[in-house]
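Have a look at the structure first, and then we'll go through it piece by piece.

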Amino acid sequence: MDRQIARSARSAALTGRTGRGAGSRMLMILLLGATAITGVALAAQSRGFDLTDPGSWGRGRAFVDIDGRAVAVPRPTPATGRVLPAVPVTTSGRHAFVHSTTDGDPIGYDPCRAIRYVVRTDGAPAAGADLVRDAIAQISAASGLAFVDAGTTEEEPALERTLIQPERYGTGWAPVLIAWATEREMPSLAGDVAGLGGSAMVPGASDEGQWLAAGRLVLDSEDLGTILTDPNGYVEARAIVVHELAHVVGLDHVDDPTELMNPTTTGIVQLGQGDREGLALVGAVACEP
Ligand SMILES: [Zn+2]
């Protein structure tokens with residue numbers, strides 16, 4: 001696909017289309033935006049009362065539509081503060097947030113609770129576990145967000161993910177899903193698309209505030225497998241996973257060739273100054289009470 005087309009293409013279902021090259025190859029990374037997730041899964045969000053939780057009567061309660069049923073937004077687990085310290089903002093550069101408040105403040109994951117993630121390892125390259133581990137370590141260190149490995153899963157990646165899956169994951173938000181997939185299973189990975197990532201923006205349980213939840217990151221096992229055969233393939237592939245995971249925690253693209261969140265490849269394989277500023281800020285949002 002032509003580089004200019006890759007940079008400019010957008011659709012209702014997939015926003016933030018990325019062109020990204022590795023060597024002579026042109027790879028694209030797709031960002032799953034709010035349109036794809038909230039437009040479907042959160043269609044019935046409304047204010048009301050949770051009849052299964054009499055203690056909540058008289059207090060605001062947010063609901064989301066889960067497979068056609070209005071389900072009360074999960075109350076967060078008790079917390080006494082951040083899991084990890086906030087990361088001081090020590091760099092400055094271009095950065096953007098996928099979701100932000102009307103004041104322009106970022107919307108991110110609740111830093112007082114660890115972000116649980118599960119991995120579907122089917123089709124993963126031999127270096128897959130190392131790539132995921134290294135990318136999570138980089139994003140955690142730059143954002144001050146904590147991640148917890150919640151094991152493996154058989155959940156199939158889908159553009160329209162069910163945000164709460166009680167039988168599979170319990171009654172809270174579904175954990176972040178990290179999956180390897182082929183173009184045949186995930187048509188959105190067709191051609192030079194190397195991966196896609198994003199999270200849902202959800203209301204707080206008391207219908208106050210907004211956070212990210214139930215993210216997903218899908219990696220093209222064929223494209224990344226090919227990259228990994230290059231001499232510098234591991235760091236190139238890791239940069240793609242880090243880029244996608246940055247989308248999951250709330251960073252959007254910026255047109256700056258010195259940043260990892262640039263829409264086209266520039267040979268940058270490490271987080272840039274603006275990437276780091278953005279990650280520190282998105283990791284410092286208020287906690288849900
Ligand atoms: Zn991207």
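Let's start with a hairpin: strands β10 and β11 form one, with six residues between them. Helices and strands here are DSSP runs, numbered from the N terminus, with at least four residues (H or I) for a helix and at least two (E) for a strand. Keep in mind that this is a predicted model, where local features need pLDDT of at least 70 and side-chain atom pairs count only at pLDDT 80 or more, while totals for chains, interfaces and linings use all residues. Residues are numbered from 1 along each chain as its sequence is written.

Now zoom in on the turn. D207 lies in the loop between β10 and β11, and its phi is near 65 degrees, a positive value in a residue other than glycine. Is D207 buried, exposed or partly exposed? A residue counts as buried if 20 or more other C-beta atoms lie within 10 Å of its own, exposed if 12 or fewer, and partly exposed in between, with C-beta atoms placed from the backbone. D207 is partly exposed, because 17 other C-beta atoms lie within 10 Å.

Two strands are said to pair if DSSP finds at least two bridges between them. To spot one of these links, find V202, whose bridge partner in β11 is W211.

β11 has another neighbour to check out. Strand β9 (residues 176–181) runs parallel to β11, and five bridges join them. Here I178 is the one to look for, as its bridge partner in β11 is L217.

Finally, hop over to helix α7 (residues 273–282), where you'll find G274. G274 counts as buried because it has 22 C-beta neighbours inside 10 Å. Which residues does G274 touch, leaving out those up to four places away in sequence? The answer is G93, R94, H95, V254, D256 and E259, where a contact means that the C-beta atoms, placed from the backbone, lie within 7 Å. Take R94: it sits 180 residues from G274 in sequence, yet their C-alpha atoms are 4.5 Å apart in space.

Key
Two residues are in contact if their C-beta atoms, placed from the backbone, lie within 7 Å.
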